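Biologist: I would like to learn how to read a protein model. Please take me through some features one by one.

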Amino acid sequence: MSWKAEIEELHQRRKLAAACGGPEAVARHHKSGKLTVRERIDTLLDARSFREVGKLAGKGSYDKDGNLVKFEPAPYVMGLGRIDGRPIAIGGEDYTIRAGTGFGSDRRKGGQGGFIEDLAYEYRIPLINLVEGTGGTVNTAKRKGYTVVPGYGQDGFERSVDLMGIVPVVSAVMGTTAGGPSARALLCHWSIMIRGQSQIFAAGPPVVERAFGKKLTKEELGGAKISADTAGTIDNVAENEEDCFHQIRRFLSYMPQNVWELPPPGSCDDPADRCEDALADIIPRSNRQPYNMRKLVEMVVDRSSMFEIQPGFGRAVITCLARMGGHVAGVIANNPMFGGIMDYKAARKQAHFIELCDMFNIPLIFFADIPGFMVGQESEANAILREGVRARYVGLQVTVPVFTVIVRKCYGMAGGGVIDRRGLNFKIAWPSAEWGSLPLEGGVKAAYRREIESAPDPAQREKEIENELRQLASPFRTAEAFAIEDIIDPRETRPYLCQFIDALQGRLKTQPGPKFKGGVRP
């Protein structure tokens, strides 16, 4: 007996599912400059590697003889694929079908819990969420006949939280996103949105207008300028979908498959002993003059390996993934173009990046030029002390090796946050480095106020004290006491760090697995 009829029906149902929301809905989607979720998956993954799961899920309509006459696919597409040959779990809302809202099944395919998250968890593979949906709808009450308590159903955020300690999770906000999908977009290790195309908010403009009487566009409420640059809700911004997919692949190239593995080594044709003469002159003589810290970092790490995280947010600090001799490293560098001083945004950014690197066994390198915490009424109102101390608390829980390169300033509580007090406490410095509890300028006046005021020439006496202390503040005096492990020629920075990062790879192999974080953050 042949099953040919049923097999033909199977393929017909697959064909209907592949049509997404139908030709008109797909045409509208394309007209807005966006790919469908199926096109996105095929573009992002290695060619012909996608194995869809649950393609037959949806709602069918039948005639009186039980024959299928109409089929609406479930508005979520997911399955297994590969990126650079490595297995990946991937899923996303189909916005061409009722704006990506759920289709009411007890078992979700994905989006907020569901099969795709269970797959990533059980197989210990990275998860990519392509987020473009509006979450729940008031129509649920009409469909069910009653209202539901938030968090109802078989699947919730529980697995989403579990994944955060197990495998790399990426969320790409591909269009307008609100409600539950917005929350899911944040339960990840790295997120990205598309400028001018993506918006994310807790509730959209109609709800905001009803609540506050203020009319806003979607872009004004949750576009990249607000969500990424101002709030830091989303980490990175892409210029278009192609750039978005490129950045996703790039980010995952630095990540291990899960916390039980180490980040994959990369091929490296950049000599570990490369010395850049320009590093000898990059720090200005005046400690108030800015310079290009990104350029400094680029000259030290493997060429073209710098991938910045949150470049538009908390710009007083630069956080990036990079490679040193092919090995993955996380870099945190103070940015003198924005004062280098730690404000509340920079503190949040630094703490999150430290946790990311520690979770996935990525050693950290600090390039320190930090004058301290931002001060003033506005800074205090923004909780700089809490955010700054929280960043230091997170730093004191790391289990990966940490290196500190003091290139210029390192002062106060914020400066102490770049030192590996829990580990080897390994600090090297350039001849341009200076450090202490406070900078001499201003600090002298506070510490020697009475002596200065009682002097015949207070201004002259202040200068004399500054000169005396400046001699003691020479980094060579600290090196004599072995209170700094080394002072190096700036041109030696890459060879120096590459050798130690290569040496610690054996240490990293001894500590895979989930990271325990005890206590309560400040």
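Biologist: What should I know before starting?

Modeller: This is a predicted model, in which local features need pLDDT of at least 70 and side-chain atom pairs count only at pLDDT 80 or more, while totals for chains, interfaces and linings use all residues. Residues are numbered from 1 along each chain as its sequence is written, and side-chain values use heavy atoms, with hydrogens and water left out.

Biologist: How are strands and helices named, and what does "buried" mean?

Modeller: Helices (H or I, at least four residues) and strands (E, at least two) are DSSP runs, numbered from the N terminus. Buried means under 20% relative accessible area, exposed over 50%, and partly exposed in between, with a 1.4 Å probe and protein chains only. Take strand β6, residues 127-131: five of its five residues are buried.

Biologist: Which residues lie on each side of β6?

Modeller: L127, N129 and V131 are on one side, I128 and L130 on the other, and both faces are covered.

Biologist: Which strands pair with β6?

Modeller: Two strands pair if DSSP finds at least two bridges between them. Strand β5 (residues 86-93) pairs with β6 in the parallel sense over four bridges, and A89 has L127 as its bridge partner. Strand β7 (residues 169-173) also pairs with β6 in the parallel sense, over five bridges. There, I128 stands opposite V170.

Biologist: How many residues of β16 are buried?

Modeller: Strand β16 covers residues 402-411, and ten of its ten residues are buried. Six bridges join β16 to β15, and the two run parallel; L364 stands opposite V402 in β16. Strand β17 (residues 426-429) is joined to β16 by four bridges, again parallel, with T404 opposite K427. Strand β18 (residues 434-436) runs parallel to β16 over three bridges, and C410 stands opposite W435.

Biologist: How do I read a pair of aromatic rings?

Modeller: A pair of aromatic rings is described by the distance of the centres and the angle of the planes. Rings of Phe, Tyr and Trp (its six-membered ring) pair if their centres lie within 6.5 Å; planes under 30 degrees apart count as stacked, over 60 as edge-to-face and the rest as tilted. The structure holds seven aromatic pairs. One of them is W190 with F251, stacked at 4.8 Å centre to centre with 10° between the planes. W190 lies in strand β9 (residues 190-194) and F251 in helix α11 (residues 241-253), so this pair ties together parts that are 61 residues apart in sequence. Both W190 and F251 are buried.

Another stacked pair is Y254 with F307, at 6.2 Å centre to centre and 25° between the planes. Y254 is in the loop between α11 and α12 (293-300), and F307 is in strand β12 (residues 307-309), 53 residues apart. Y254 is buried, with a relative accessible area of 2%, and F307 counts as buried at 6%.

Biologist: Which residues form one aromatic cluster?

Modeller: W190, F251, Y254 and F307 do.

Biologist: What about a charge over a ring?

Modeller: A charge sits over a ring if NZ of Lys or CZ of Arg is within 6 Å of the ring centre and within 35 degrees of the ring normal. The charged end of K34 sits over the ring of Y95, 4.9 Å from its centre. R159 lies over the face of Y121, at 4.0 Å from the ring centre.

Biologist: And the backbone angle phi?

Modeller: Most residues other than glycine have a negative phi. N361 has a positive phi of about 55° and lies in the loop between α13 (344-359) and β15 (364-370). F482 also has a positive phi, near 55°, and is placed in the loop between α20 (475-480) and β19 (486-487).

Biologist: Are N361 and F482 buried or exposed?

Modeller: N361 counts as buried because its relative accessibility is 1%. F482 counts as exposed because its relative accessibility is 57%.

Biologist: What is a cavity?

Modeller: On a 1 Å grid over the protein atoms alone, a cavity is a set of points where a 1.4 Å probe fits but cannot get out; lining residues have an atom within 4 Å of a point. Grid points are joined across faces, edges and corners, and a volume is the space filled by probe spheres set on the points. A search of the whole structure finds five cavities of 30 Å³ or more. The largest cavity has a volume of about 70 Å³, and its lining includes I354, L364, V402 and D420.

Methods: 1 Å grid on protein atoms, 1.4 Å probe; cavity = no way out; pocket = protein on both sides within 12 Å on 5 of 7 lines; lining within 4 Å.
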